[in-house]
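Subject: Handing over the structure

Hi,

Here is the structure I said I would pass on.

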Amino acid sequence: MHPIIKLVSQRLALGLLLLFGASALIFGLTEALPGDAAQAVLGQAATPEALANLREEMGLNRPALTRYFEWLGGILQGDLGQSLTNKLDIADSIGNRLGNTLFLAFWAAIVSVPLAIFLGLLAVRYRNRWPDKLISAVTLTTISIPEFLIGYVLVYFVAVKLGMFSPLAMINDSMSFGQKLNSIALPVIVLTLVVLAHMMRMTRAAILNVMQSAYVETAELKGLSNFQVIYRHAFPNAVAPIVNVVMLNLAYLVVGVVVVEVVFVYPGMGQYLVDHVTKRDVPVVLACGVIFAAIYIGLNMIADIVAILANPRLRHPK
Amino acid sequence: MSDTLLKVRDLKIGATVYPPGEKPHDIEIVHGVSFDLERGKVLGLIGESGAGKSTIGLASMAYGRGGVKITGGEVWVNGRDILKTSHGDIRKLRGGEVTYVSQSAAASFNPAKKIMDQVVEAAVEQKKFSRKEAEGRARELFAKLGLPDPDNIGDRYPHQVSGGQLQRCMTALALCPEPDLVVFDEPTTALDVTTQIDVLMAIKEAIADTGVAALYITHDLAVVAQVSDDIMVLRMGNTVEYGTTDQIINNPQEEYTQALVSVRSIEHEEKQPTPEPVLSVDGITARYKGLNFDVLHNVNVELHPGQTLAVVGESGSGKSTLARVITGLLPPRDGEINFAGRKLSPDLAGRTREDLRELQMIYQMADVAMNPRQTVGTIIGRPLEFYFNMRGSEKRKRIIELLDEIELGEKFIDRYPAELSGGQKQRVCIARSLAAKPKMIICDEVTSALDPLVADGILKLLLDLQKIEDVAYLFITHDLATVRAISDSIAVMYQGRVVRYGPKSQVLSPPFDDYTDLLLSSVPEMHLGWLEEVVAHRKMESAGN
Amino acid sequence: MKNIPISAIIGLAFTALYFIIAIFAPLLAPYGMAEVVGDVWEPSSSQFWLGTDNIGRDLLSRMIYGGRTTIFIATAATILSFVTGSILGFLAAVLGGWADQVMSRAVDLIMSIPTLIFALVVLAMVPVTVPVLIIVMGLLDSTRVYRLARAVAVDIAVMDYVEAAKLRGEGQVWIIFREILPNALSPLVAELGLRFIFMVLFVSTLSFLGLGVQPPLADWGGIVKENKDGIVYGIGAALYPAVAIATLAISVNLVADWVLNRTTSLKGGRG
């Protein structure tokens with residue numbers, strides 16, 4: 001078998017294994033920690049009899065392993081269970097919100113990925129000169145402030161003082177595409193700033209690594225133009241590390257979304273998750289946790305697979 | 001006007017250094033160097049690390065590596081000063097008129113592109129040949145350079161061919177655009193000697209056939225003597241001596257050049273074997289965990305007290321594995337090791353403190369063999385403390401004695417390894433092993449990472465110390481000149497087997513087995529015409545068979 | 001300790017200042033932490049330097065006490081994370097074999113779930129108190145320290161000087177504490193700074209989400225949550241923590257950078 005097919009299938013299998021492990025870990029946590037769904041419904045003041053009755057009713061007395069596999073089977077069929085607090089079907093509630101979250105993350109990625117690569121190239125081009133230092137100082141600052149504070153700083157100065165864009169990112173189906181974009185402008189900027197710094201720094205390091213290699217010197221000593229050196233020799237080798245950087249940061253974006261949604265009261269998965277953590281609504285927290293973990297694991301897996309596919313030693317074995 | 005291709009006048013080169021914790025500042029690394037090179041001639045640039053030889057070579061392409069800048073002087077190529085010419089003209093120069101062969105072809109080829117694409121790129125880009133013509137030329141060069149399957153090797157990727165082959169591909173890359181000048185920067189340094197001689201001959205013939213001029217940069221005077229017409233000796237950015245190859249080799253004027261020429265001429269009288277060996281390795285067979293083949297096959301050697309056994313071989317011969325087996329780091333699959341009249345436990349855990357004390361080891365890379373967080377005093381003092389329970393002033397007195405023995409002295413006692421030069425570091429490692437008062441020291445390529453003169457100093461020191469301390473050396477090396485200088489007996493290793501073993505005089509005298517013959521005849525000798533003699537001799541032999 | 005660059009001095013000075021303010025908060029704060037002393041969202045004045053908050057408490061005092069809480073929790077969690085992570089990491093590197101495999105795979109699994117999501121799942125089950133926060137944050141973050149400590153130790157363990165110590169017959173204790181640890185310290189200390197910053201951001205985020213420090217106790221993330229509604233009216237009370245967190249984080253970063261640079265200077269070349 002071609003070594004690349006072997007490696008990629010190994011990585012895919014590992015991804016599935018991790019996904020399975022993560023779901024077990026999340027479920028196991030809710031079991032191992034004190035308190036359960038019955039307790040959450042009735043509160044701390046509940047009498048032991050009431051708790052026991054409710055546990056019986058909810059099937060919590062059956063072995064944990066049985067309930068885990070029921071739960072997992074349900075997820076695989078698209079059944080995420082029922083919310084404790086409002087008795088609504090979780091899959092229904094999530095469907096729309098997941099779409100909104102992906103919409104927001106998608107636009108943040110569209111803006112931040114090209115920008116990060118461009119700034120990374122710029123920083124390499126003017127390495128150790130003022131553009132590089134300025135970019136690194138600004139990114140250091142944005143790394144040093146939490147997402148939600150960047151959000152409020154922007155709301156304060158852009159939305160309130162300048163009167164541009166809406167401080168709250170409400171969207172619904174009746175809005176036109178343009179209205180939606182206008183509505184998510186600020187959260188997109190916040191998310192962009194948050195991932196931009198990491199992505200740009202990692203891109204800079206990846207490109208520098210390639211530009212300092214001996215084969216780029218060989219290309220320069222062939223009398224090629226700067227553009228040819230970069231396009232023919234640096235780019236084919238820099239693509240894999242950059243894609244890797246992008247994937248890792250998209251994974252990071254998924255987490256950033258949670259907080260930013262709360263800041264802008266955006267009707268997405270993150271907002272939904274945080275609300276239900278506060279309400280101790282275990283089935284919703286479980287479902288959201290597994291979905292976030294799945295996206296995160298998936299993106300990390302893609303990053304690794306790209307690295308495997310791009311390696312010429314693996315693509316053309318001896 | 002004569003046929004001068006390259007004329008360098010008062011070349012000065014500077015570099016910006018960034019010492020951590022200090023402000024970056026500029027230093028000068030080449031201080032006014034001048035030379036001429038005529039068409040079709042070869043000039044050898046020779047010097048130790050830091051001599052500025054590569055920097056000067058790249059200056060002939062108006063190129064500075066990293067933070068290196070040409071700060072003064074003139075570099076004339078084909079009648080114009082390339083330091084004053086336009087950017088576009090420099091691009092025509094690089095890859096068209098002047099090309100470059102680096103030390104590490106493995107790093108200099110783009111891993112993502114086929115060899116052929118990279119070999120013809122400059123020729124096509126400089127509009128010297130069409131793609132088709134260039135490919136034809138490349139195949140001719142592949143054949144001329146002795147590469148296997150010259151018609152198809154270009155379709156492979158760099159990692160799919162061996163190191164020696166890739167180095168020849170790099171030479172083809174440099175010759176393909178029919179340049180006027182090729183800069184060879186240590187093109188054979190990374191290769192084994194038996195591979196080096198083939199590449200060297202291929203380069204020499206290619207230079208002769210194409211009539212190209214060359215700058216040949218190396219630290220090995222014996223190598224450069226084979227290929228160049230003139231030689232310039234450099235040291236710390238200055239010209240030491242500049243003359244014809246014949247004059248430099250046979251009649252060097254400067255003291256430094258004389259030292260370089262006479263390097264490795266240490267004389268060492270062979271000692272007679274004693275009745276009782278200090279170490280005997282009996283039928284050792286070993287393999288690494290996870291491998292399904294043996295790295296050592298039935299190795300038998302003996303080492304006598306106060307003497308030196310040289311274990312010589314090329315990379316992959318198993319010589320370093322043998323050291324690991326003797327030290328107990330790699331328990332063998334079969335065979336046993338007897339040391340100082342007792343049988344040693346095969347693994348480290350089973351050895352007594354006395355076993356460990358009497359069998360010391362010195363490493364190739366002295367800078368990673370010493371803990372960077374410990375002072376020289378701590379490094380040398382620890383064995384004293386550990387084996388002899390020495391403390392306080394008694395320990396300090398002994399450390400100073402040892403520092404005197406390695407010719408460094410008391411002032412080094414509080415220094416850290418980072419403050420020492422390469423040779424000084426290796427001396428401290430020697431002192432550390434002597435501190436244990438061993439019966440035997442394993443020296444694993446201890447001079448390979450050092451410049452020739454520094455290496456010579458270390459070898460002399462080791463020989464002196466052997467007389468004083470009566471210690472035996474198991475000397476592992478790939479360098480036959482070192483073997484001649486230091487050994488009493490020799491074991492030649494090839495593919496995990498000892499192919500020849502005995503007293504020095506016997507091993508180095510004919511009749512030879514095939515491998516030893518190949519190995520011995522491949523070591524460059526410091527006289528003119530050696531390369532041709534060897535190649536002619538080999539041709540005759542193969543014709544005779 | 002000569003030749004400290006100016007950036008590191010500034011970083012050290014600000015970091016020290018924040019810690020001093022945190023330690024002596026009760027002496028420095030003009031008013032009590034939960035004391036209502038004025039009107040809602042009064043502007044800054046000579047009486048209230050930073051104005052008052054959403055229920056009329058002095059904002060400067062809230063910020064000083066808040067810094068104390070935030071820095072205390074972050075410091076405690078960092079220590080927990082470091083002690084757990086580096087001990088386990090070193091053990092994995094030195095022991096190798098199945099112990100290393102078990103620990104490393106467990107860490108892989110925990111790290112396959114985003115830290116914030118993991119923390120939210122846990123905090124949905126247990127009551128949110130300061131010790132719980134420290135334990136959850138510290139243990140989750142120790143996975144990163146574990147990976148770093150293990151990688152650094154594995155790198156050092158293959159060095160010739162460690163082999164030389166083994167061949168001398170030194171015991172595990174000498175090898176870990178005299179050969180490996182002194183060389184692993186610098187990268188770990190630099191990482192300590194980064195982990196501390198991450199903890200400050202993490203606890204602030206949790207508090208902002210209402211799942212961290214609980215009122216009336218003040219902390220920087222909580223101050224944002226309490227005062228965020230003022231922002232749409234142009235009241236910037238919620239933004240002060242941004243300034244505090246950013247300056248603290250940048251100062252610690254500058255110090256960490258300097259420590260890292262010193263490490264490389266020891267490794268490379270001659271003085």
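A word on the ground rules. This is a predicted model, in which local features need pLDDT of at least 70 and side-chain atom pairs count only at pLDDT 80 or more, while totals for chains, interfaces and linings use all residues. Residues are numbered from 1 along each chain as its sequence is written, and chains are lettered from A and ligands numbered from 1 in the order in which they are written.

Let's start with the sheets in chain B. Helices (H or I, at least four residues) and strands (E, at least two) are DSSP runs, numbered from the N terminus, and two strands pair if DSSP finds at least two bridges between them. One open sheet of chain B has 4 antiparallel strands, in the order E2-E1-E4-E5. Its edges are strand E2 (25–38) and strand E5 (80–81), each with a single partner strand, so one side of each has no neighbour in the sheet. E5(B) is joined to strand E4 (residues 68–77) of chain B by 2 bridges, in the antiparallel sense. Across that pair, Val77(B) sits opposite Arg80(B).

Another open sheet of chain B, also of 4 antiparallel strands, runs E12-E11-E14-E15. Look for Ile284(B), which stands opposite Val299(B) in E12(B).

Now the helices. Axes are lines fitted to C-alpha atoms, for helices over the stretch in contact, and angles run from 0 to 180 degrees between N-to-C directions. In chain A, the axes of helix H9 (residues 185–211) and helix H11 (residues 226–263) come within 9 Å and cross at roughly 155°. By class, their contact has 21 nonpolar, 5 polar and no charged residues; Ala, Val, Leu, Ile, Met, Phe, Trp, Tyr, Cys and Pro count as nonpolar, Asp, Glu, Lys and Arg as charged, and the others, Gly among them, as polar.

In chain C, H8(C) packs against helix H9 (residues 220–227) at an angle of about 30°, with the axes 7 Å apart. H8(C) and H9(C) are therefore roughly parallel. The residues of H8(C) that meet H9(C) include Val203(C) and Phe208(C), and those on the H9(C) side include Trp220(C) and Lys225(C). That contact has 5 nonpolar, 5 polar and 1 charged residues.

Which chains touch? Chain C gives 36 residues and chain A 41 residues to their contact, where two residues are in contact if their C-beta atoms, placed from the backbone, lie within 7 Å. On the chain C side, helix H5 (115–125), helix H8 (172–208) and helix H10 (240–267) each supply at least two residues. H5(C) gives the most, with 8 residues.

Finally, Ala107(B) is in helix H3 (residues 105–108) of chain B. Beyond its neighbours within four places in sequence, Ala107(B) contacts Ser213(A), Ala214(A) and Tyr215(A).

Cheers

Notes. Parallel < 35°, antiparallel > 145°, perpendicular 65-115°, else oblique.
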